[in-house]
Amino acid sequence: MKLCWLDIRNVDGAKEAIVEEAVHQRVDAIVAADPADLESLPPTVKKVLFPQNQPLPEKLEPADVVIVDPALHGEPAELALQYSDVEFGRYVEITDAASLDDACRAARFDSWSLLYFRDPTKIPLEIVLAAAAGADGSIITQVADVEEAEIVFGVLEHGSDGVMLAPRVPGEATALAAAAVSRAADIPLVELEITGIRRAGMGERACVDTCTNFRLDEGILVGSHSTGMILCCSETHPLPYMPTRPFRVNAGALHSYTLSADERTNYLSELVAGGRVLAVDAKGKSRVVTVGRVKIETRPLLAIDAVSTSGVRVSLIVQDDWHVRVLGPGGTVLNVTDLTPGTKVLGHLPVKQRHVGYPIDEFCIEK
């Protein structure tokens with residue numbers, strides 16, 4: 001979970017509604033320039049005072065954290081000696097090499113670093129994050145909108161500890177809170193037993209090429225039905241006659257479901273460049289990866305039937321070729337053409353039916 005700070009210093013008439021929404025969404029902090037704007041906040045929200053371009057008020061209560069500009073207010077460490085019941089952090093606007101060095105020092109030594117990068121490139125943030133590796137403080141990056149927040153959360157695969165957003169309208173606090181939550185929760189995997197393999201004629205199958213290299217025990221979940229999927233292996237493992245393509249999963253027939261973020265499913269046929277799918281490893285750890293390309297071509301097909309110990313039947317149709325693989329218990333790599341009744345594979349059993357990709361409780365039979 002990333003930290004969400006909501007900046008209400010320049011919010012106009014909708015301030016009350018935005019603060020109420022932020023409290024309801026359990027944002028981590030409200031940022032204000034006037035201590036009076038923090039007084040009515042509940043204890044579930046961190047109260048951050050940020051008097052940018054203004055002198056410090058005589059009384060800092062009820063602030064929990066005060067963000068200062070050292071040139072105007074003094075050094076955070078010195079101020080902390082004067083106000084023992086308040087934490088202090090440093091604001092740095094990064095515009096050049098000198099201010100970037102200031103940001104790196106703040107990230108290494110201050111409890112809180114609020115950073116504003118004037119230029120749109122994320123290279124300076126990468127440098128700060130690298131410099132702060134292992135430091136105890138928290139880095140909060142000022143962002144313009146929720147889309148930028150999502151990018152900041154993922155820089156260097158670790159991202160900033162949090163972001164500060166000045167909302168323009170109600171609803172942005174909700175969107176920011178959703179973006180801060182890891183979208184790739186663990187996926188409960190089960191062992192499925194193969195019950196049958198049969199040739200299924202010709203049809204279109206989809207290879208999903210992503211912008212990420214899969215790990216050795218990683219792939220994507222694919223199934224003909226929304227109630228059961230099999231973990232299809234990436235082309236990470238060596239094969240004769242062709243080079244490895246660790247970014248690719250030869251996933252299955254174009255009608256098949258796969259999992260994406262937020263518990264949604266997508267048909268393989270509707271995945272497009274820039275879309276998202278869920279990469280899942282043999283232990284159920286998952287991450288969201290970006291689709292770079294989907295190749296749909298006519299190939300001979302193979303229908304795979306399996307069943308869970310609870311009796312749920314699972315179906316998967318893939319290209320009928322020995323280089324197409326699925327994962328078994330412990331991450332064992334299995335060629336689909338070598339599967340026989342009794343072979344164990346890894347799969348996932350979603351508990352709800354689907355309507356336009358969203359989970360829903362309703363009566364539905366899939367055959």
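This is a predicted model: local features need pLDDT of at least 70, side-chain atom pairs count only at pLDDT 80 or more; totals for chains, interfaces and linings use all residues.
**Close-up 1**

**Close-up 2. The salt bridge of R199 and D320.** The side chains of R199 and D320 meet at 3.0 Å, N to O. R199 belongs to strand β9 (residues 190–210) and D320 to the loop between β17 (313–319) and β18 (325–327), so the pair ties together parts that are 121 residues apart in sequence. R199 counts as exposed, at 72% relative accessibility, while D320 is buried, with a relative accessible area of 17%.

**Close-up 3. The salt bridge of E148 and K122.** A salt bridge of 3.4 Å, N to O, joins the side chains of E148 and K122. Because E148 lies in helix α6 (residues 146–154) and K122 in the loop between β6 (112–117) and α5 (123–131), the pair ties together parts that are 26 residues apart in sequence. Both residues are partly exposed, E148 with a relative accessible area of 21% and K122 with 22%.

**Close-up 4. The largest nonpolar core and the surroundings of L115.** The largest nonpolar core has 47 residues, and I30, V66, L115, V128 and L176 have the most contacts inside it. Helix α4 (residues 97–109) supplies the largest share of this core, 5 residues. Leaving aside neighbours within four places in sequence, L115 is in contact with residues including V92, I94, A103 and V128. Another core, of 30 residues, lies apart from the largest one and has I194, F214, V314 and L339 among its members.

Key: Residues are numbered from 1 along each chain as its sequence is written. Side-chain values use heavy atoms; hydrogens and water are left out. A nonpolar core is a set of buried Ala, Val, Leu, Ile, Met, Phe, Trp, Tyr and Cys residues joined through side-chain atoms within 4.5 Å. Buried means under 20% relative accessible area, exposed over 50%, partly exposed in between (1.4 Å probe, protein chains only). Helices (H or I, at least four residues) and strands (E, at least two) are DSSP runs, numbered from the N terminus. Contact means heavy atoms within 4.5 Å. A salt bridge is a side-chain nitrogen of Lys or Arg within 4 Å of a carboxyl oxygen of Asp or Glu.
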